[in-house]
Amino acid sequence: MNKDTFQGSRLLLLDFGSQYTQLIARRVRELNVYCEMHPYNHLPENLEDFSAVILSGSPYSVRSAEALHPDLSALKGKMPLLAVCYGAQYLAHFGGGEVAPSNIREYGRAHLTYIKPNEPLFEGIAEGSVVWMSHSDTIKQLPTGAVCLASTPDVVNAAYRIEGEETYAIQFHPEVTHSADGMKLLGNFLFKIAKLTPNWTSDNFVEMTVAQLKAQVGNEKVILGLSGGVDSTVAAVLLNKAIGKQLHCIFVNNGLLRKNEFENVLKQYEGMGLNVKGVDASARFLTALAGKTDPEEKRKIIGRVFIEVFDDEAHKITDAQWLAQGTIYPDVIESLSVKGPSATIKSHHNVGGLPDYMKLKVVEPLRMLFKDEVRRVGRSLGISDELLGRHPFPGPGLAIRILGDITAEKVTILQEVDAIFINALKENNLYDKVWQAGAILLPINSVGVMGDERTYERVVALRAVESIDGMTADWVDLPYKFLQKVSNDIINKVKGVNRVVYDISSKPPATIEWE
């Protein structure tokens with residue numbers, strides 16, 4: 001980000017390892033405030049560019065030997081600060097107060113039984129409001145100079161502020177939906193206390209990013225590997241808006257895509273004015289995968305062959321200097337180490353390993369966006385809702401939905417089954433109610449009867465889940481009549497399949513994909 005980008009409206013979020021930290025960042029972004037998340041022990045160098053700070057929760061106790069100790073000397077008392085859960089306990093424990101083990105583990109819903117009148121943090125929030133607690137320690141005594149702002153039946157010091165500073169602390173989690181007025185409280189801190197400007201919008205992001213890409217890339221050529229997914233598509237359209245024909249997109253068919261997906265997506269891209277080359281490398285991938293059954297080995301083979309194919313095609317583009325990737329913000333922050341000595345980025349990218357392999361400079365236009373923000377930016381760019389609403393699809397494609405070895409025949413069978421299932425979801429207005437859906441070809445046969453003949457054919461499993469980010473997921477309770485018709489259509493229309501089952505496992509303990 002440029003120094004002047006969203007000046008006066010930038011919030012720093014310090015991560016102490018809480019499972020909710022990323023959710024805080026998303027909530028702040030939903031309020032149209034630009035937010036950056038950093039490990040508590042790796043403050044950004046450009047602290048002067050931030051106008052407020054939030055301290056997150058943590059799985060650690062401030063009383064333990066493993067307590068995380070941030071250096072807040074450049075922050076506390078110098079800019080508006082909101083400390084959440086561990087942050088609130090930290091300020092109390094090391095600021096003259098006392099933190100002790102709770103008599104009971106304070107987890108779940110609680111009601112605010114007391115709110116100090118005329119406090120900006122709680123403006124518009126009434127006593128009785130539901131908040132979400134998640135801690136095993138409690139603040140027995142407030143830090144020096146602190147004033148209690150709110151209480152619950154079990155937590156006397158549920159919120160406080162420090163006199164003479166714009167420092168506020170809360171024991172509960174406003175970022176989770178269970179806290180009824182959580183967004184109002186966050187808005188009060190951002191706008192009434194920190195006086196930030198809500199100027200983080202998709203239109204502003206597009207305008208800013210296009211200008212930055214023009215300056216960064218100049219007149220040089222950029223190569224981008226398109227996957228057909230939302231992230232790479234939005235990245236491509238942003239780059240195209242900035243540099244036009246200097247962008248060279250490569251869409252590789254690994255032979256493991258959905259039925260007709262290579263042709264259909266290629267037409268979509270060409271209709272969007274992108275400079276795209278489609279490469280059908282199906283035979284190359286299937287040959288490399290022949291006889292392989294181990295899931296991890298299959299993934300590595302697909303990754304290796306993709307790099308080889310992509311590299312072959314990239315060498316045909318003379319004088320290319322840049323590799324564009326669809327990296328998004330969760331890819332970045334999930335790899336930041338809270339406890340480690342450095343913040344190392346993992347290889348989350350669409351074409352992992354290519355920067356070192358190809359010696360190209362990397363440009364990542366979406367690296368500061370969450371998934372929902374990518375879709376909003378896509379709409380600002382005029383990308384169709386059909387493309388932006390596509391379900392996630394695994395990078396290895398159908399290879400990890402064919403359990404066991406992979407053959408062209410199995411791919412064809414699964415493509416047909418998958419097409420019937422996905423099209424039925426769309427025809428019955430169920431597709432947009434499902435986060436991800438697909439079919440799995442099992443490595444077993446079952447006995448069946450078709451007409452007067454006994455059959456011994458393949459079994460397929462259907463999978464449909466609802467989720468927010470894929471970290472957890474629950475199976476979708478699709479109507480029985482819908483499943484009955486889909487099952488009948490698959491068995492009647494796909495030769496080689498005589499049994500259909502529906503996966504009703506949640507994540508955890510299961511995973512979304514079977515491999």
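Predicted model: local features only at pLDDT ≥ 70, side-chain atom pairs only at ≥ 80, totals over all residues.
Local features were kept only at pLDDT of at least 70 and side-chain atom pairs only at pLDDT 80 or more, while totals for chains, interfaces and linings use all residues. Numbering runs from 1 along each chain as its sequence is written, and side-chain values use heavy atoms, with hydrogens and water left out.

The cores come first. A nonpolar core here is a set of buried Ala, Val, Leu, Ile, Met, Phe, Trp, Tyr and Cys residues joined through side-chain atoms within 4.5 Å; buried means under 20% relative accessible area, exposed over 50% and partly exposed in between, with a 1.4 Å probe and protein chains only. The largest such core has 83 residues, and Leu-11, Ile-54 and Phe-122 touch the most other members. Its top contributor is helix H5 (residues 230-243), with nine residues. Helices (H or I, at least four residues) and strands (E, at least two) are DSSP runs numbered from the N terminus. Since domain 1 (10-193) and domain 2 (202-389) both supply residues, this core lies between them; the domain bounds come from an automatic or database domain assignment. A second, separate core holds 52 residues, including Ile-223, Val-417, Ile-422 and Tyr-431.

Glu-261, Phe-262, Val-265, Leu-266 and Tyr-269 are buried in H6. They span an arc of only 120° around the axis, so they sit on the same side of H6; the arc is taken from the directions from the helix axis to the C-beta atoms. Lys-267 and Gly-271, on the other side of H6, are exposed. The buried residues of H6 pack against strand E11 (221-226), H5, E12 and strand E13 (276-280), contact meaning heavy atoms within 4.5 Å. After H6 comes Gly-273, with a positive phi near 80°.

The Arg-258 side chain makes a polar contact with that of Asp-418 at 2.9 Å. Such a contact is a pair of N or O atoms within 3.5 Å; within protein, one must be able to donate a hydrogen and the other to accept it, and residues adjacent in sequence count only if both atoms are side-chain atoms. Beyond four places in sequence, Arg-258 also has Ile-422 and Phe-393 among its contacts.

Ser-446, in strand E16 (residues 436-450), is likewise buried at 11% relative accessibility. The side chains of Ser-446 and Arg-499 make a polar contact at 2.9 Å.
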